[in-house]
Amino acid sequence: MLFFVDTANLDHIREAAELGILDGVTTNPSLMAKEGITGEKEVLKHYRSICEIVGKDRDVSAEVISTDFAGMVAEGKKLAELHENIVVKVPMIKEGVKAIAHFTELGIRTNCTLVFSAGQAILAAKAGATYVSPFIGRIDDTAWDGMKLIKDIFEIYGQTGYETAILAASIRNPLHIVQAAKAGADVVTCPLSAIMGLFYHPLTDIGLEKFLADYNKANG
Ligand code: G3P
C-alpha cells in the first residue's frame, strides 16, 4: 500500500519524505488556502516546490478549480505540463467524468475526488481515472461506515477488472490507515500526524529502555 501525505505544508511534506516511506502528496483547494497560497502564479510555484521535495517517480495530486469541461481540460493540461509528478485531481461531477475520460485519452493521469458511493467509483473507473478518492472520514462524520465503501470498491474493481487504484482519502488517524489497508486500499492519503501515530506503542518504549539498561549493566 502506498503512503501519500494529504497537505500543502512544505515542512510536513519534507518531514514525511525524510522518513523514507513517502510515495506522494495530495492537495486540495482548502489545503492550499490553509497555507496562504493564492493566485495562479503562486499556486503553480507551490506545486513545483512540492514535486521537487518528493522527488522522482512520486505522485502529486493538483486539483482543478473549474467545474466545466473546457475549463477543467485547460487547467489540467497546464498542471500536467508543470511537472511529470503531477496527477490532475478532478471532482466527481458529470463534467469531471467527461474531463477524466478526455485526460485518459491524452495519457494524463487523474485522481477522481469527492467520491462517496460505489456507483461514483464505477463511473471514475469507467472514465479511466488513475486513482479514485473515497472520502472515509467525511462519511464517518455522517455516522455511515466509510471503510465499508473501500471494501465495496475493492470487491467491485476485483470482479470487473477495473485498473483504477483505490486511494483512501479523508483519512484522519492511525486506525483509519490500518483499516484501509485491511479493506484493500492501494493508497492512503492522510495528514502527517496520522502517519506519525503509527509509530507509537508503549511496549516498544518500555522494551527499548530495558534493552539499553541491560546492555549498560553488562557493559559497565
Ligand atoms: O484528500 C481529501 C482530504 O483532504 C479530505 O480530508 O479531513 O478534510 O475530510 P478531510
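Between which two elements is the loop that holds Asn-28?

1. Basis of the note. This is a predicted model, in which local features need pLDDT of at least 70 and side-chain atom pairs count only at pLDDT 80 or more, while totals for chains, interfaces and linings use all residues. Residues are numbered from 1 along each chain as its sequence is written, and side-chain values use heavy atoms, with hydrogens and water left out.

2. Asn-28. The residue is placed in the loop between β2 (24–26) and α2 (29–34); helices (H or I, at least four residues) and strands (E, at least two) are DSSP runs, numbered from the N terminus. With a relative accessible area of 12%, Asn-28 is buried. Buried means under 20% relative accessible area, exposed over 50%, and partly exposed in between, with a 1.4 Å probe and protein chains only. A polar atom of the Asn-28 side chain lies 2.7 Å from the backbone nitrogen of Leu-31, and a polar side-chain atom of Asn-28 lies 2.9 Å from an oxygen atom of the ligand. A polar contact is a pair of N or O atoms within 3.5 Å; within protein, one must be able to donate a hydrogen and the other to accept it, and residues adjacent in sequence count only if both atoms are side-chain atoms.

3. Ligand surroundings. Asp-6, Asn-28, Phe-135, Arg-138, Ala-169, Ser-170, Arg-172 and Thr-189 surround the ligand, each having a heavy atom within 4 Å of it. By class, this shell has 2 nonpolar, 3 polar and 3 charged residues. Here Ala, Val, Leu, Ile, Met, Phe, Trp, Tyr, Cys and Pro count as nonpolar, Asp, Glu, Lys and Arg as charged, and the others, Gly among them, as polar.

4. Arginine contacts and cover. The protein covers 81% of the 310 Å² of accessible area that the ligand has on its own, as computed by the Shrake-Rupley method with a 1.4 Å probe.

5. Ser-170. This member of the ligand shell lies in the loop between β7 (165–168) and α9 (174–183). Ser-170 counts as buried because its relative accessibility is 10%. Its phi is positive, about 55 degrees, although Ser-170 is not a glycine. Most residues other than glycine have a negative phi.

6. Ala-143. A positive phi, about 70 degrees, is also found at Ala-143, which is not a glycine. Ala-143 is in the loop between α7 (136–140) and α8 (146–160). With a relative accessible area of 75%, Ala-143 is exposed.

7. Asp-68 is in the loop between β3 (59–63) and α4, and is partly exposed, with a relative accessible area of 37%. The Asp-68 side chain reaches the backbone nitrogen of Gly-71 at 3.0 Å. Asn-85 is in the loop between α4 (69–82) and β4 (86–91). Asn-85 counts as buried because its relative accessibility is 1%, and its side chain reaches the backbone oxygen of Arg-58 at 3.5 Å.

8. Overall chain. The protein chain has 11 helices and 8 strands. Of its 220 residues, 44% are buried. The C-alpha trace spans about 75 × 40 × 30 Å along its principal axes.
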